[in-house]
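Trainee: I have not looked at this one before. Can we go through it together?
Mentor: Fine, ask as you go.

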2 protein chains.
Amino acid sequence: MADVTQRVLALLATLQTGRAFSGDELAGRLGTSPRTLRRDIEKLRGYGYPVQTQPGPGGYYRLSRGTVMPPLLLDDEEAVAAMLGLATLAASGSAGSGSVDDAAARAYGKLDQFLPRRLRHRVSALRSGLEAGRTPAPSTSAATMSLLAEAIAHRHQITFRYAGELRRVEPYRQLHLRLRWYLLAFDTGRDDWRVFRIDRITDPVDTGHPYAERPLPARTGLDYLRQGLGKDSQRVVLTVHAPLTAVADALRHHEADLTALSADRTRAVVTVDAWQWLLPGLAFLDADVVVHSPASVRAAWLRFTARIT
Amino acid sequence: MADVTQRVLALLATLQTGRAFSGDELAGRLGTSPRTLRRDIEKLRGYGYPVQTQPGPGGYYRLSRGTVMPPLLLDDEEAVAAMLGLATLAASGSAGSGSVDDAAARAYGKLDQFLPRRLRHRVSALRSGLEAGRTPAPSTSAATMSLLAEAIAHRHQITFRYAGELRRVEPYRQLHLRLRWYLLAFDTGRDDWRVFRIDRITDPVDTGHPYAERPLPARTGLDYLRQGLGKDSQRVVLTVHAPLTAVADALRHHEADLTALSADRTRAVVTVDAWQWLLPGLAFLDADVVVHSPASVRAAWLRFTARIT
DNA sequence: GCAGATGTGGCCGGAAAATGACCGCGATTA
DNA sequence: TAATCGCGGTCATTTTCCGGCCACATCTGC
């Protein structure tokens, strides 16, 4: 890709996903050197796109929210991904009327109308050859998510019923973690931050009442959610003698942070409620495993292995 | 404005209005010569943008999107579902370059370009309020899925490498089950039906060689897959050094037949798909366990304990 | 507080692309 | 039939781009 324009377009498309990317990662994706990437970023800034950066370890580039984009096209892979996304979403949940899975199933049926003609045959081929099994997951209402999104964008307080109680909150983010959707909000009644499961929210109402934005309680909403979910859980550090991809597969149901130590050794930092849940995945993986910390898990682990021999 | 990228971006923005522009007008707006404008248009076409032109008096350039694609097909819920589907898909996987999750992330960033104007603000509100955490999962290549889809649609035999071996198969369905994608195909080498994990398929090639369709081995592909996954269920016999009631509790999720050998020793005959699933229950139980049969499980069990110490 | 990771931007020289001018061609319209 | 307007080849010149290198600033984790 020795074409600046195309590279900048790709850079925009990548940044627009909202994720943060490290310089090396972006340079790798765009097939160019870090130096050139910096120049491209600089160029984007020159055009008025607000690219945030953060130096230091864990540094990143990220596009500020809510900026206007030039028209970007879906390439073939992206079109395929769109279909798959809808297919998998349609397969998760209860298919109740008004649920996102239901809407996804409908959208899945007609998305090809939106795609460039060149891709239509490909997408229809994809559709005719797919079968998706239902993955039981909490079913979320599309209308609720949409209402929440609007309220977040306009900084409007909302009220809703949750576990029988009426709440009034300032909504900040909708978070997706482990197949579930959560709402991060400041609960004006409790005067503190709270995370709600969106599938349990009923009767949401946008009060239209504006609120002043507060700083997030953590660097990102997900960090806060993880902290909360992780209260009762532990970070287990292990080394597995298997390639990263294999480990990712084995631990796909867990919250894991993986690092490749070498081609066939992987360091995993897994957050789990109980170390016992790690066992099946590791057993299926059939690879040597060493637990490093915490000491309590290490001890329990050794005790267990002693007991089952 | 001696900057190609900026000029092309401006050109895109101008054309996005939907109006038709004459070459001279565009060249004037962009402050360049008609020749260069033509080159820019050519470049846009190269990127896939459908720019219509018309020679002769009253000739023009125009972006054809909007007239060709009726953008009113998705209702609000469906648009939301599409975004969520992409966000979910983008969050699952390892984000390797070329994987579907990566493509989904990019598509997620661009989808609003394809929605009716009425929905754009809604979708961009949704996007700016979303954060999705990564769920480590096997990463599937979008290109592979797409190739498989084409082959299925055209009933072409394909070859690919799987676990080191070269296979030649007649592809029938791509199946999604429990966060994984599978290919149901008739393996001409083995002369039988087989299910392959798509993330483990490499070097797929559409041979172009047609095949005659066979009846599926089950009512649906998923049925067959489920049968296959459950085919290996076996009776595992073990002795646990714990009271029967405790064992019953630990194995409550399994199909188990228990006998009290003594007050604190219990014989269990459990039917499971895979012995690995027994591990958490036994680990929570925290008691000595001995596996008696089958021999294969006993061997695997010992192997596992050796590996995790 | 220090070490290391990561973004920043200046500089350099060779390589590559962009530019505008000119031209003949073909399609379209009046 | 003639005028208009997009198309694209060629060419010499100018401009930009690229990647490597470096010194520096900033931030995190220990």
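Trainee: By class, what residues does the surface near DNA strand C have?
Mentor: That surface has eight nonpolar, 10 polar and seven charged residues. Keep in mind that this is a predicted model.

Trainee: Now DNA strand D. How many residues surround that one, and which are the closest?
Mentor: DNA strand D is surrounded by 26 residues, the closest being Thr36(A), Gly56(A), Gly23(B), Thr53(B) and Gly59(B).

Trainee: Where does the largest share of the surface near DNA strand D come from?
Mentor: From α3(B), which gives four residues. At least two residues each are supplied by α3 of chain A and by α2 (23-30) and α3 of chain B. By class, the surface near DNA strand D divides into nine nonpolar, 10 polar and seven charged residues.

Trainee: Back to chain A. At what angle do α1 and α3 pack?
Mentor: Helix α1 (residues 4-15) of chain A packs against α3(A) at an angle of about 75°, and their axes are 11 Å apart. That makes the two helices, α1(A) and α3(A), roughly perpendicular.

Trainee: Different topic. How many residues of chain A are in contact with chain B?
Mentor: 94 residues of chain A, in contact with 92 residues of chain B. On the chain A side, helix α4 (residues 76-91) provides the largest share, 13 residues. By class, that side of chain A has 53 nonpolar, 23 polar and 18 charged residues.

Trainee: In what sense do β5 of chain A and β3 of chain B pair?
Mentor: In the parallel sense: strand β5 (residues 165-177) of chain A and strand β3 (residues 130-132) of chain B pair over three bridges. One example is His176(A), whose bridge partner in β3(B) is Ala132(B).

Trainee: What is the strand order in the open sheet of four strands in chain B?
Mentor: The order is β10-β11-β9-β12, with antiparallel pairing.

Trainee: Why is one side of β10 and of β12 left without a neighbour?
Mentor: Because β10 (255-262) and β12 (289-293) of chain B stand at the edges of the sheet, and each has a single partner strand. From one strand to the next, the twist averages 25°.

Trainee: Over how many bridges do β9 and β12 of chain B pair?
Mentor: Over four bridges, in the antiparallel sense, with β9 covering residues 234-240. Val237(B) stands opposite Ser293(B) of β12(B).

Trainee: Last one. Where in chain A is confidence lowest, and where is it highest?
Mentor: Helix α6 (residues 117-128) of chain A is lowest, at a mean pLDDT of 70, and strand β4 (residues 156-162) of chain A is highest, at 94. Chain A has a mean pLDDT of 79, with 87% of its residues at 70 or more.

Methods: Residues numbered from 1 in each chain as written. Chains lettered and ligands numbered in written order. Predicted model: local features only at pLDDT ≥ 70, side-chain atom pairs only at ≥ 80, totals over all residues. Nonpolar A, V, L, I, M, F, W, Y, C, P; charged D, E, K, R; others polar. Near = placed C-beta within 6 Å. Pairing = 2+ DSSP bridges. Axes fitted to C-alpha atoms, helices over the stretch in contact; angles between N-to-C directions. pLDDT = per-residue confidence, 0-100. Contact = placed C-beta atoms within 7 Å. Parallel < 35°, antiparallel > 145°, perpendicular 65-115°, else oblique.
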